[in-house]
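Here is a short report on one protein chain. The fold comes before the details.

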Amino acid sequence: MPIPDYPVASAHLAAIDADWARLIAQVGPCTLAADTASEPYQALVRAVAYQQLHGRAAEAILGRLLALYPDAPFPAPAQLLATDFERLRACGLSARKIETLQGLAAGALSGLVPSRAAAEGMDDEALIQRLVSLRGIGRWTVEMLLIFSLGRLDVLPADDFGVRNGYRRLKTLDALPTPREVARAGLPWRPWRSVAAWYLWRVPAP
């Protein structure tokens with residue numbers, strides 16, 4: 001994966017208008033870093049653990065999950081599938097999340113969840129459409145995989161509350177913009193929409 005040219009990305013965004021220029025001056029250089037060592041299966045398991053939870057709660061649940069497998073840095077798909085439901089439940093995972101994790105593990109074994117090498121050869125939308133066929137995996141979850149694991153630089157998670165609220169603050173809007181409005185506003189941010197999202201997550205509160 002090539003090293004991202006974040007100064008070029010920041011300059012592109014700063015040139016859009018005065019609001020973007022001010023935001024980038026306030027926040028400073030982009031430090032978005034992808035976890036280039038993880039497999040998509042691993043990244044998706046982590047993303048599921050974090051769904052709809054605050055960071056500390058999710059970290060605690062994920063820590064308890066990983067502690068079930070002391071002989072491995074991360075549970076293999078077959079190990080996860082073989083783990084008793086109640087042991088997973090005791091980690092703090094909901095029944096729905098356990099079903100999602102088991103589906104991910106089965107998908108990794110069947111090849112539906114691609115290896116990192118295979119995923120790197122797929123375009124963004126093809127990977128999204130493939131993975132959202134799994135129970136409990138939505139578009140946002142795959143977009144997080146694309147940005148934070150595969151290092152894709154032109155992904156705009158328009159459904160993300162933080163992105164939408166960041167854009168509301170950036171433009172001093174009275175109401176939260178819809179995902180469609182954010183997607184339309186994001187057209188000039190191409191080909192650096194992942195970087196734009198990173199900045200929108202950091203818009204200072206008024």
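## Overall fold

The protein has 13 helices and zero strands. Read along the sequence, the pattern is α-α-α-α-α-α-α-α-α-α-α-α-α.

The model is predicted: local features need pLDDT of at least 70, side-chain atom pairs count only at pLDDT 80 or more, and totals for chains, interfaces and linings use all residues. Residues are numbered from 1 along each chain as its sequence is written, and side-chain values use heavy atoms, with hydrogens and water left out.

Along the principal axes, the C-alpha atoms fill a box of roughly 55 × 35 × 30 Å. Of the 206 residues, 42% count as buried. Buried means under 20% relative accessible area, exposed over 50%, and partly exposed in between, with a 1.4 Å probe and protein chains only.

Contacts are heavy atoms within 4.5 Å. Among contacts between residues at least 6 apart in sequence, 63% join residues at least 24 apart.

## Surface and charge

The protein exposes about 10500 Å², and carbon and sulfur atoms supply 56% of it. Accessible areas come from the Shrake-Rupley method with a 1.4 Å probe; for residues, only the protein chains shown count as cover.

There are 22 positive and 20 negative charges, and their mean positions are 4 Å apart. Lys and Arg count as positive, Asp and Glu as negative; His and the chain ends are not counted. Each charge is placed at NZ of Lys, CZ of Arg, CG of Asp or CD of Glu.

Which residues have the most contacts inside the largest nonpolar core? They are W20, L65, L80, L104, L131, W189 and Y199, in a core of 58 residues. Such a core is a set of buried Ala, Val, Leu, Ile, Met, Phe, Trp, Tyr and Cys residues joined through side-chain atoms within 4.5 Å.

L80 touches Y41, V45, L65, Y69, L88, L101 and A105, leaving out residues up to four places away in sequence. Y41 and V45 are among the buried residues of helix 3.

Helix 3 spans residues 40–50 and is mostly covered, with eight of its 11 residues buried. Besides Y41 and V45, the buried set includes P40, A43, L44, A47, V48 and A49. These buried residues pack against helix 4 (55–67), helix 5 (77–82), helix 7 (95–110), helix 8 (116–120), helix 9 (124–131) and helix 10 (139–148). Just after helix 3, Q52 takes a positive phi of about 60°.

T100 sits in helix 7. Setting aside neighbours within four places in sequence, T100 contacts V48, R135, G136 and I137.

L200 lies in helix 13 (residues 193–200). Its contacts, not counting residues up to four places away in sequence, are W20, G162, V163, G166, Y167, L170 and W189. L200 and R168 are 32 residues apart in sequence and 9.3 Å apart in space, C-alpha to C-alpha.

The loop between helix 10 and helix 11 holds L150 and L156. L156 touches E143, V163, V182, A183, G186, W189 and R193, again leaving out residues up to four places away in sequence. The C-alpha atoms of L156 and A183 are separated by 7.3 Å, at 27 residues apart along the chain. L150 and P75 are 75 residues apart in sequence and 20 Å apart in space, C-alpha to C-alpha.

T172 is in the loop between helix 11 (161–170) and helix 12. Its phi is near 45°, a positive value in a residue other than glycine.

P191 is in the loop between helix 12 (179–185) and helix 13. A cis peptide bond joins R190 and P191, with omega about 0°.

## Relative accessible areas

| Residue | State | Relative accessible area |
|---|---|---|
| T100 | buried | 4% |
| L150 | buried | 4% |
| L156 | buried | 11% |
| T172 | exposed | 67% |
| L200 | buried | 1% |

Conventions: Helices (H or I, at least four residues) and strands (E, at least two) are DSSP runs, numbered from the N terminus.
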